[in-house]
Amino acid sequence: MYKKGVYLIKKIALILPIFLVLSCTIGLKGNSSSKNLWGYDFNESKSEMSTIFLDYNKNGEKIELVIMKNIEERFAKEIIDNKILLFKTAFQSERPSYLGKFVWHVKCPEELLPKYSEFEFEEGHLKSFFSFADKNYVAGTCSEEKTKYNSIYGFLYCSKKESMVEIHYFSELDMKEETNNFLGEINCEIY
Amino acid sequence: MRMEKEKALVLLIVASIFLISSCSTNPIDLSCEDCNVLFLNVDLLRADYVGLTSQERNVTPNIDAFFKNAIIFEDVSAPAGATLRSNTAILTAMEVPLVETSDLKFEFGMTSRMYPSIAETLLENEFFTININEGPRSGKKARLERGFNSYIELEWKTLINTSLAKLQEVLGKVQEPKFILYRPSILHGGTYNYPLDLERITHPNLIYKEQGRNLEISYDIKNLTYEEYQELAHKVYAQQLRYVDQELGKFFEKLSENFLNKTIIVFYANHGDGLYDNNIQQHAVVYQSNIHVPLFIKHPKITKQLRIKKPIFLIDLVPTIYEMLGINIYSPIQGISLIPVIKGKEYQRKYLFGGNGHDEYIRKGEWKFIDFWGRNKQLYNLTEDPHEKINVIRKFPEIARKLEAVLRKKEIEQLEFENQMKSYYNDSYIE
């Protein structure tokens with residue numbers, strides 16, 4: 001009887017770690033998978049709030065997409081307009097009216113100033129900035145020596161699918177063509 | 001023998017059940033129905049400068065002594081680092097909007113008239129309400145003068161001995177129950193206003209300029225390294241706070257036992273100050289230097305110090321006071337009472353969040369996610385890094401994503417809520 005008990009405990013001790021490792025691996029895999037979008041093989045991770053994060057980091061290009069589903073167009077418009085305005089404001093040289101407010105504007109030489117563009121699709125629209133990013137992938141750097149990547153920061157809204165996509169794209173400085181190609185690939189063929 | 005053993009066992013079980021049940025019913029009584037309420041809101045006071053919440057410095061002995069046996073919230077987050085937003089959110093117990101909508105052009109004060117402030121609610125409940133304020137920023141400009149029987153606007157950065165004398169004067173004059181909101185701005189930097197006759201530190205880069213009976217303090221950062229002028233900014237702030245603490249000490253001494261026995265005294269700051277930490281000179285950002293603030297509640301029925309370590313949100317202060325006073329509210333409110341937390345129960349709020357228009361933060365436990373302009377996302381572990389020196393977003397992307405997803409969801413929820421409120425407001429409000 002005693003021997004049987006010891007045998008059982010030994011078995012459990014052997015099987016338990018294997019079971020735990022396996023279940024953890026399956027659990028993690030269940031949370032992230034691969035997704036092809038706009039010609040890129042993204043790594044996809046879903047959050048509990050029906051927000052999808054897509055990542056791509058290969059061959060000198062780094063892309064991060066945040067996709068939010070089921071957003072009414074009027075609310076998406078508010079959010080997008082607000083974020084676009086905020087990004088623009090950072091490069092305007094107006095002083096804030098409130099003395100306590102930290103002065104956030106960045107003095108930017110003309111050639112490094114973010115360039116804004118809007119593009120209308122049949123099913124949605126894209127609002128984006130082309131700028132340069134620093135080594136920490138912060139878009140809109142205004143210092144020549146800190147410039148490390150080309151950058152696209154923008155928002156896509158697809159009205160049929162009621163989806164909003166926040167786009168962060170970075171590429172090596174000599175990859176202008178690839179950057180333009182990425183912009184050209186953006187469309188509403190998502191989920 | 002066996003019977004006796006069984007009897008003893010039954011007795012033991014009964015005693016255990018009694019002990020467990022008596023432990024679970026918390027004896028803390030926080031009801032204070034006929035009490036006065038005094039809000040001491042020291043604008044720009046950082047929690048890491050107050051002895052009761054931080055061992056880092058020793059500049060507030062009088063505040064520490066007065067609130068020694070109060071409810072001490074160790075980890076309080078303000079909803080914003082800017083005055084107008086934070087004050088409006090705190091006094092109306094409403095969240096700050098994360099997205100500035102285009103039709104009700106944000107000045108939170110403009111939209112906040114839809115929500116009653118604590119002064120309006122207490123006025124309705126027959127309190128006599130008084131506000132002693134400095135400058136229009138947190139008063140008329142934010143439309144926060146509403147609900148006060150008496151709104152006293154002193155000059156911006158009035159010396160604290162002068163504004164405290166005014167407070168002392170009104171305390172003795174008005175009927176009870178009373179609600180007093182006192183809000184000095186003497187810690188506001190740029191230039192400090194300081195008494196002429198008080199001891200002061202010297203430094204080659206410190207400039208003292210006489211302005212009548214006061215001194216104006218500023219500093220010249222030329223020829224100083226970043227670390228040097230950061231250190232100087234901290235030193236001057238500490239000097240200013242010592243002066244504030246000294247004068248508050250004198251004020252506390254004058255409060256009568258009678259007043260203390262029937263008054264809830266709340267000490268807090270609506271936001272902190274950068275002092276060049278995280279490259280922030282002043283405030284209106286969401287770093288801890290700006291949003292980690294003190295909150296102490298001195299309650300007539302609390303005679304021993306009660307420490308709350310859980311991270312809590314400052315917009316929950318006003319509903320807590322309502323519950324203490326036994327006041328029911330019928331308007332929408334997003335703050336929740338902290339009384340269950342004070343009694344050792346669960347905090348119903350899962351996330352703390354806020355922002356200043358150009359930035360947003362969300363916090364869960366020790367993790368804090370920040371989004372600046374949408375172009376700079378940061379993640380900090382506040383247990384390991386309370387001053388947010390190391391951005392660990394690349395190390396823990398999954399945590400950042402979970403928090404960001406909640407923040408984005410919150411943006412939508414707020415827009416939906418505001419939309420509902422606007423239609424209600426448009427239907428019911430006649431200009």
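How many of the seven residues of strand β3 (residues 128-134) of chain B are buried? Six of them are, leaving this strand mostly covered. Buried here means 20 or more other C-beta atoms within 10 Å of a residue's own, with C-beta atoms placed from the backbone; exposed means 12 or fewer, and partly exposed is in between.

A quick note on the model: it's predicted, so local features need pLDDT of at least 70 and side-chain atom pairs count only at pLDDT 80 or more, while totals for chains, interfaces and linings use all residues. Residues are numbered from 1 along each chain as its sequence is written, and chains are lettered from A in the order in which they are written.

Strands (E, at least two residues) and helices (H or I, at least four) are DSSP runs numbered from the N terminus. Two strands pair if DSSP finds at least two bridges between them. Here are the pairings in chain B:

| Strands | Sense | Bridges | Opposite residues |
| β3(B), β4(B) (150-154) | parallel | five | B:Ile130, B:Ser150 |
| β12(B) (352-355), β13(B) (359-364) | antiparallel | four | B:Leu352, B:Arg363 |

That last pair forms a hairpin with three residues between the strands, and B:Gly357 in the turn has a positive phi of about 95 degrees. In β12(B), B:Leu352 and B:Gly354 point one way, B:Phe353 and B:Gly355 the other, and all are buried.

On to the interface: 25 residues of chain A are in contact with 30 of chain B, contact being C-beta atoms, placed from the backbone, within 7 Å. On the chain A side, β3 (51-58) and α2 (73-89) each supply at least two residues, and α2(A) gives the largest share, eight residues.

Definitions and conventions. Two residues are in contact if their C-beta atoms, placed from the backbone, lie within 7 Å.
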